[in-house]
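I set out to look up a handful of places in this model and to write down what each one shows. The entries follow the order in which I went through them.

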Amino acid sequence: MHRYYRFASNLLVRHPPSLLIHPSKSTRYLMADAPTPSSVDSPNPNSKSAAKKEAKRLEKEAKLAAKASKAQPAADKKPKAEKAKKDDAPEPPFVNLTPKGQKKDLSDPMAAGYNPIAIEAAWYDWWSAQGFFKPESTQKYFPSQNNEPRDTFVIPSPPPNVTGSLHIGHGLTVAIQDSLVRWNRMLGKETLFAPGFDHAGISTQSVVEKRLYKTSGKTRHDLGRDKFVETVSEWKDEYQTKITEQLHRLGGSYDWDRVAFTMDENLSRAVIETFCKLHEDGIIYRANRLVNWCVKLNTTLSNLEVEQKELTGRTFLHVPGYDPKEKFEFGVITSFAYVIEGSGERIVVATTRPETMLGDTAIAVHPDDPRYTHLHGKFAIHPFLDRRLPIVQDAVAVDMEFGTGAVKITPAHDPNDYDVGVRHNLEVVNILNDDGTFNANTGPHFQGMKRFHARVEVVKMLKEGGWYVETKDNPMQIPICSKSGDLIEPVLKPQWWVDCKPLAEEAIKRTRAGELLITPKQSENDWYRWLEGIQDWCISRQLWWGHRCPAYFVRIEGLEQDVNDGKNWVVGRTRDEAMQRAEALAAGRKFALEQDEDVLDTWFSSGLWPFSIMGWPENTPDLQKYFPASLLETGWDILFFWVARMVLLGIKLTGQVPFKEVLCHAMIRDAHGRKMSKSLGNVIDPIDVIQGLPLEALHAKLREGNLDEKEILKAQAGQKKDFPKGIPQCGTDALRFALCAYSAGGRDINLEILRVEGYRKFCNKIFNATKFAMLKLDGEFVPEPTAKPTGRESLVEQWILHKLNIAATEINSWLAERHFMQATTIAHNFWLYELCDVYIEAMKPMTDESAPIETRKSAQQTLYTCLDHGLRLLHPFMPFVTEELWQRLPRRPNDATPSIMVSAFPVHDTASVFEEADKRFDLVFSALRAGRSLAASYNLQSDIQFFLHIQNDDEAALFEAQLPTIVALTKGCKSAKVVRDLSEIPAGCGSGVVTRTVAVYTLVRGLVDLDVEIAKCDKKLHLVRLNLSKITKFEAQPDYEETVPADVRVVNEDKRKTLETEISTLELSREMFSKLK
């Protein structure tokens, strides 16, 4: 049956009853918004295969709308402008009069139109005051049977940095996570959405330092450590409040009684416990090793915080900390010569960092390279310093085929050279001060000179001294600080390190054993690749804002000690514990205890997040009940920064993987695919999308940050291009729905604000449809005690209940699989194309006063069930508008559910499965759409008359019963009639085939050019006969029955019979038109 209908639909597509040469705007709209039956005319909008196509279609429409808005014809400008002026007259600003925490008064009639600001007001405070966000509320509204253990669903929210306001990427995080939380809560699970904030050491200190200098001209050193930390704390309090307000506006149903901050007392205690335990277990150790040094921030960075910038050759770049007009050369390799001691012989080396030659302590050659055998054991003389450079033989570091086969060695400033230095016991000479200037080891001429000025000076002096050879283009990568944009310098420093390999091995083992699910698949592949190649993690940071290392140097009186040697250090959970350990180390000698000045990497504390927020290291009730978490949802870009470290530390400290599932969402880019950046002016505050913002206000916000004037002007230009009229008011519900609809499992989302605005119109459609439907539920209406069908439902009622059941089933399925695009598409299509476009229209004659009372009551009950369950299906994505509308619906008897957010989410119900009704109504609807198409092709907009030629009794009875529905669902339709004999069809009708037993005719006599219509019929007949010829030729093959599968033969037979029917219908139409001439 399904194949048969699919084929019939193909006929309608390939051979429409008449070419759509004069489709009116109204008929195009009507057809575009018509529902799509599951098996006729086009794929079911609720089918899994159609979900992605529907989302892509919506995105394409948004882009077309954007282009259309920019390309209005000149002639239309004046009237359209006048209309816009009239329509866009500002409404009085909404004032929320509901006292904080109280329920909104909905006794007044519904507003004339949808206003998201008014709709969204007051609900969040009421939800919070009622305790709906707390996991304990589940027992109250979903009482368990026989006190059976209840499933839990826990998401530890990724803590946003307190560096500033949230951006649209955070909006995506909230939309996805809160949709899952609300859905699981409505399924009756004990749900905890744990909120919190991250102190974000480097980022926050950097922002506050910039602001401090910009406003007062002072540095942190002017304030001193304690006063500066106090200043940062004030910043933290200000922005934590702002972020909290943003999260409220986004509708996140967090349990705010459990809010955490990474520098809270308990979380700080967890950090100290972790450091001490890992040190005691030998996982944390101290070593003087090369680190990534950011001069701008004056701190070390982990490898993950360093980005590699690709250069194709010679490139001039500005470096932070230098004059903006000053640029330096990168992407080249410079060759120069060292002179061999005691002779005039020269050995040529090459480098991409000429300034590092001031730290050279050796030259390496391959032991088998015959060119340099005579130099083994000899020395070169440094041209600028009193330093002899031994010629060492190293088969690991040197490739004889590359360059000259001689390599300069700078152990203190290059990882590979450092290894050479260890192998050959070379002198390690550091040439760099922490501020990026050169130190005394570079000699009086270079001491105090900034590193890139020194680069220029070194090349100049090499040329002057005759040692310079050449400079060539050199494609390469340069390391950039992801926080400041500064060039990273490898520098030798004593730091605290985490030995990650044993932790990673256990994490890989647990993941492969199925204890952790990572989606999408690409992220899982990245996960294994990174863990298998993991390196030790430097956790020391030269900052003031953060958790100070609980490590102490024991300075023993009269003893010469190496501060780099971890044996001279102790750790302690308290200073008293550290003192006890120091006393044991000093063995009776006098000593002083000096705490490390450094703080720990931010990711070290946030790596404890899923269990520290539950009270660890104490064995609290929350830790026992809500750990491990159900899901960790975050962006794929911090899979290693954060997620991996939580897993490594969680397994080591608790013995458990800290969450059962990791879901990585995409990175939001602007509509052009660019990464969002303040300097480009394309960073979007979700609150601006919610309430709208004029262009002037967008410009003004740029001046609230730390951008300089040049960057502000560039950003303003970007804003003017992307948002010429500012950002339109869309509301939270539209924003959340759009962000979920964008989430298709890819790596990037190119956000179109016009698409978000399109979902605001969807909210408006829901609002108006509910408002209209409520008029059909008169004052005497009382819902049935349950949503179960009564058995008295008409065909269209059974059809819509079946579609509602399918929608509920598939939304649950898609959400369980974390496919948000598909889930939102199902919900969108049910409301728009099935409930609004079909059932609400079809029920109008069923609810007229002239309709039988039982018919009217049944139609009302079905409408109520669709509204009630339809709003629940949308609630996880659109919490505010669904609450507002659901609260206006009457409750079923004995139902005291106070809020939609604690109502039961619709699930599959076998009592609402009406497969036969679905097929029968789909047949009716396919005829309806064929009739619409037919009318549109002749530009009929009123007095439309349909004649339905039905060839079997069962279908004739079906269509007779559904004639009112066909008339109701066709704009401008005057009448519809079932005919059994072709002679009953009046002369002068256009025709279209639905199936081989159903055809639609409409009267067009006097409305068309007969010669044109006859020519159309001839053209179509030619095409259909060609297709029929192909089928009959294929079926006539001698071995057809033996070689072609039975199901294919059935399809071909149906196809042939339908083509034959279409030929008969077209021949009849041609004959009618000919007789009228």
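**Entry 1: a residue in the last listed stretch**

I began with Asn-1052, which lies in helix α35 (residues 1046–1076); helices here are DSSP runs of H or I with at least four residues, strands are runs of E with at least two, and both are numbered from the N terminus. The model is predicted, so I keep in mind that local features need pLDDT of at least 70 and side-chain atom pairs count only at pLDDT 80 or more, while totals for chains, interfaces and linings use all residues. Residues are numbered from 1 along each chain as its sequence is written, and side-chain values use heavy atoms, with hydrogens and water left out.

I noted Asn-1052 as buried because its relative accessible area is 10%; the scale calls a residue buried under 20%, exposed over 50% and partly exposed in between, with a 1.4 Å probe and protein chains only. Leaving out residues up to four places away in sequence, I found that Asn-1052 touches Ile-1031, Phe-1034, Glu-1035 and Tyr-1040, where contact means heavy atoms within 4.5 Å.

**Entry 2: the whole protein**

I then stepped back to the totals, which give 35 helices and 33 strands in a protein of 1077 residues, 54% of them buried. The C-alpha atoms fill a box of roughly 120 × 70 × 65 Å along the principal axes. Among contacts with a separation of 6 or more, 78% are between residues 24 or more positions apart.

**Entry 3: two helices against α21**

Two packed helices are described by the angle between their axes and the distance between the axes. I looked up helix α12 (residues 265–280) against helix α21 (residues 639–654) and found an angle of about 75° with the axes 12 Å apart; the axes are lines fitted to C-alpha atoms, for helices over the stretch in contact, and angles run from 0 to 180 degrees between N-to-C directions. I therefore recorded α12 as roughly perpendicular to α21, on a scale where under 35 degrees is roughly parallel, over 145 roughly antiparallel, 65 to 115 roughly perpendicular and the rest oblique. Thr-274, Lys-277 and Leu-278 in α12 meet Leu-649, Lys-652 and Leu-653 in α21. The residues of this contact of α12 with α21 divide into three nonpolar, one polar and two charged, with Ala, Val, Leu, Ile, Met, Phe, Trp, Tyr, Cys and Pro taken as nonpolar, Asp, Glu, Lys and Arg as charged, and the others, Gly among them, as polar.

Next I took helix α16 (residues 521–532), whose axis comes within 11 Å of that of α21 and crosses it at roughly 70°. That makes α16 roughly perpendicular to α21. From α16, Ser-523, Asp-526, Trp-527, Trp-530 and Leu-531 meet Leu-639, Phe-640, Val-643, Ala-644, Val-647 and Leu-648 in α21, and by class this contact has nine nonpolar, one polar and one charged residues.

**Entry 4: backbone details**

Most residues other than glycine have a negative phi, and most peptide bonds are trans. I checked Thr-519 and Pro-520, which are joined by a cis peptide bond with omega about -5°; Pro-520 is in the loop between β19 (517–519) and α16. The peptide bond from Phe-627 to Pro-628 is also cis, with omega near 0°, and Pro-628 is in the loop between α20 (621–626) and β26 (632–635).

Asn-425 has a positive phi, near 55°, and is found in the loop between α13 (415–424) and α14 (451–465); I noted Asn-425 as exposed because its relative accessible area is 72%.

Asn-564 lies in the loop between β22 (551–556) and β23 (569–571), and I listed Asn-564 as partly exposed because its relative accessibility is 22%. Asn-564 and Arg-289 are 275 residues apart in sequence but 9.6 Å apart in space, C-alpha to C-alpha. Lys-720, in helix α24 (residues 709–722), counts as exposed at 56% relative accessibility. Leaving aside neighbours within four places in sequence, Lys-720 is in contact with Leu-695 and His-699.
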